[in-house]
Amino acid sequence: MKQQELEKSKEYKYGFTTDIESIRAPKGLNEEVIKFISNIKKEPQWMLDWRLKAFSRLKNLKEPNWQKPKYPKINYQDLYYYSAPKSASDKPKNLSEVDPKLIETYKKLGIPLQEQKRLSGIAVDAVFDSVSVATTFKDELTKKGIIFCPISEAIRNHPDLVKKYLGSVIPITDHYFATLNSAVFTDGSFVYIPEGVRCPMELSTYFRINASETGQFERTLIIADKGSYVSYLEGCTAPMRDENQLHAANVELVALDDAEIKYSTVQNWYPGDKDGKGGIYNFVTKRGACRGKNSKISWTQVETGSAITWKYPSCILQGDNSVGEFYSIAITNNHQKADTGTKMIHLGKNTKSKIISKGISAGYADNTYRGLVKINSKANNARNYTQCDSLLMGNKCGAHTIPYIENKNSTANIEHEATTSKISEEQLFYCNQRGLNQEEAVSLIVNGFCKEVLQQLPMEFAVEAQKLVGISLEGSVG
Amino acid sequence: MLDISNLSASIEGKKILKNFDLKIKPGEIHAIMGPNGSGKSTLANILSGRKGYEIEGKAFYEGKNLLEIPIEERAQKGIFLAFQYPIEIPGVNTNIFLKTSLNTIRKFRGLKELDSLDFLKLVREKSKNLKIQEKILSRQLNVGFSGGEKKKNEILQMTLLEPKLAILDETDSGLDIDALKIVSDGVNSLRNKNRSFLIITHYQRLLDYIKPDFVHVLVNGKIVKTGNSDLARELEKDGYEGVTETK
């Protein structure tokens, strides 16, 4: 049975499809749907008002169209904006019910058995008491005064913080997709690190055990109060499938005086089949404000999935001496497309930014780095260093580097370096002659190419990410 | 070990090797000499499995049809090619490359993979013998290496991987006399009754240091003369034309 389906899943290393659930909002984008979402999340009136304000703004906005990857017109009235997470009874009971190809990929990535189960959506058995583990983490966080919860919970329990910071980095008037998110976001994470506290763990640790199905319009808000530190990891190396094609998440970070936020992303959403059919549109708005002096925000992203990745995790360097960093690996294979980069907006004095971007294209894929470095007239002694490297495999793919620089201050120091190289048959032959097969050879070369970025990932993810880099390019040569 | 019979190879319609025969027994050193364009490098390429050739004829390695074995398996089974022009691989640390390669091959041979400490110990010892500076090994593979460093790095890999059949494709070209001596010492130290070598060279001088059991003269894709190491000296004296005329 299902030979065809199995064949199909060979190309991509995910396997299961989610069944459509009964509890969901009717199709379409209108005030009723927004009220439905707000109501189901038990939101206070101010939150609903905020959403409706965004929605009324949305009506006057147009989708941007300047990006390189084009996509068919999206009918926003034909989408579902809310559906409930699956119930345990509909989930597979054990790993034997899960596509073996998916399990194989988990093994390749070195994901532990218990976590494989969770990732495949299996109702976790009693031996592995995830609830108690999560509670232990939560206790430790609570002791330090750290708030880490779903944003829907924060809206109810910490309204002052949410009111103060939500939309303060990405205003509801920002641009089409960000505004759409503000109107219809379903859930996401909220983090608050109090003054002087160093978060004792990677917030991923907790997240990986307790990941929830947050849906296509995710909203994350992280606030690091004065002198605090937090490292947050979003996503997962394991392949992820979603029935919703459009993903428009918003992530806002706020760092106050002397605070530091390190935000890492591993994105491996369904990229479509090898002919470019299907796949997620990942149109995400991520922005961080270094609001206080000496603050620092560092973005690290490993983007390997999605049919189209379109995002620019950015830093607004408002506080004097603040630092923004962007480390990125974007891998596109087959018909995948990426238009990604960052914006570094220097407003304060002595602000520094660093951009390291590694783009890898294979198959028929198209990969664009697009970045803006903007130095405001008052940003004395601002410094930026940008390095954009592109690696091509085969001769049907494309790589583009579009760096915008706007400088209004003569004391600024801006450096930009860019390279484009190609994995040659000769290099692969050399590796083969030393005993490595094609996949191992590609993985070695590509991992070498993006080493500087992989080093930025939290230890526990770096190893998986290295493997992911190899797996993403399987079948791209020979 | 290696048994090639009636082998012909062409590339883009041009015939390079013509009804080529060669037998190599375990422990033997064979040298192949010949003028430019005679097919020496083509032979090395075909034995190691490079694509792009149309091949007819037979080649057996340890009793198996060599031409059907994938490139990496040939390497795992003990065929090593010291490249004439080792390629640069930017971003890949030389030590990591060597370790990955060694462990892949050790795994195939059923040996325990080496951890970083054991590997470094081994590579230090081997590179010392070849007078390779340690700092070179932490650079990107072959990137910015001098010609001599690249060639020595090939020999280092050979001593690490301990192949059964080592093919040296003009390893001597571009080496100064000191490097030539070091490289030759490397080869000689690996010489034993089970390990065979196929040494491809233009010049006789390498064969002053590595004494071959057989010298073959390759002209126009065919071996036109075979002799012992004295033949190499004759070649040096009389040139390829002189030697082939006396056939």
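**A walk through two chains**

Asn321(A) sits in the loop between β11 (314–317) and β12 (323–332) of chain A. The model is predicted. Asn321(A) is not a glycine, yet its phi is positive, at about 65 degrees. Most residues other than glycine have a negative phi. Is Asn321(A) buried or partly exposed? It counts as partly exposed, because it has 18 C-beta neighbours inside 10 Å, and burial needs 20 or more.

Asn220(B) is found in the loop between β11 (214–219) and β12 (222–227) of chain B. Its phi is positive too, at about 50 degrees, although Asn220(B) is not a glycine. Asn220(B) has 15 other C-beta atoms within 10 Å, so it is partly exposed.

Return to chain A. It has 14 helices and 19 strands. Of its 478 residues, 50% count as buried. Take the contacts in chain A with a separation of 6 or more: residues 24 or more positions apart account for 85% of them.

Glu325(A) is 28 residues away along the chain, yet the two C-alpha atoms are separated by 5.5 Å. Ser353(A) is buried, because 27 other C-beta atoms lie within 10 Å. Leaving out residues up to four places away in sequence, Ser353(A) touches Cys315(A), Leu317(A), Gly324(A), Glu325(A), Met344(A), His346(A), Val373(A) and Asn384(A).

Next, a helix. Helix α3 (residues 45–58) of chain A has 14 residues. At 1.5 Å a residue it should span 20 Å, and its end C-alpha atoms are 20 Å apart, so the two values agree. Which residues of α3(A) are buried? They are Trp50(A), Arg51(A), Ala54(A), Phe55(A) and Leu58(A). These cover an arc of only 135 degrees around the axis, so they lie on the same side of α3(A). The face turned away from that buried side carries the exposed residues Gln45(A), Trp46(A) and Asp49(A). Among the elements that cover the buried residues of α3(A) are α2 (31–40) and α9 (176–184) of chain A.

Now the nonpolar core. The largest one has 178 residues. Which members touch the most others? They are Val191(A), Leu253(A) and Ile167(B). Helix α12 (residues 438–449) of chain A gives the most to this core, with six residues. Leu253(A) touches Val169(A), Ile222(A), Ile261(A), Tyr263(A), Gly288(A), Ala289(A) and Ile297(A), again not counting residues up to four places away in sequence.

On to strand β6 (residues 79–82) of chain B. Ile79(B) and Leu81(B) point one way from β6(B), and Phe80(B) and Ala82(B) point the other way. All four are buried. Strand β9 (residues 165–169) of chain B runs parallel to β6(B), and four bridges join them. Phe80(B) stands opposite Ala166(B) in β9(B).

Last, the contact between the chains. How many residues does each chain give? Chain B gives 20 and chain A gives 16. On the side of chain B that touches chain A, the elements that give two or more residues are α2 (71–76), β7 (89–93) and α3 (94–108) of chain B. By class, this side of chain B has ten nonpolar, eight polar and two charged residues.

Methods: Residues are numbered from 1 along each chain as its sequence is written. Chains are lettered from A and ligands numbered from 1 in the order in which they are written. This is a predicted model: local features need pLDDT of at least 70, side-chain atom pairs count only at pLDDT 80 or more; totals for chains, interfaces and linings use all residues. A nonpolar core is a set of buried Ala, Val, Leu, Ile, Met, Phe, Trp, Tyr and Cys residues joined through C-beta atoms within 7 Å. A residue is buried if 20 or more other C-beta atoms lie within 10 Å of its own, exposed if 12 or fewer, and partly exposed in between; C-beta atoms are placed from the backbone. Two residues are in contact if their C-beta atoms, placed from the backbone, lie within 7 Å. Two strands pair if DSSP finds at least two bridges between them. Ala, Val, Leu, Ile, Met, Phe, Trp, Tyr, Cys and Pro count as nonpolar, Asp, Glu, Lys and Arg as charged, and the others, Gly among them, as polar. The expected span of a helix is 1.5 Å times one less than its number of residues. The arc is that of the directions from the helix axis to the C-beta atoms.
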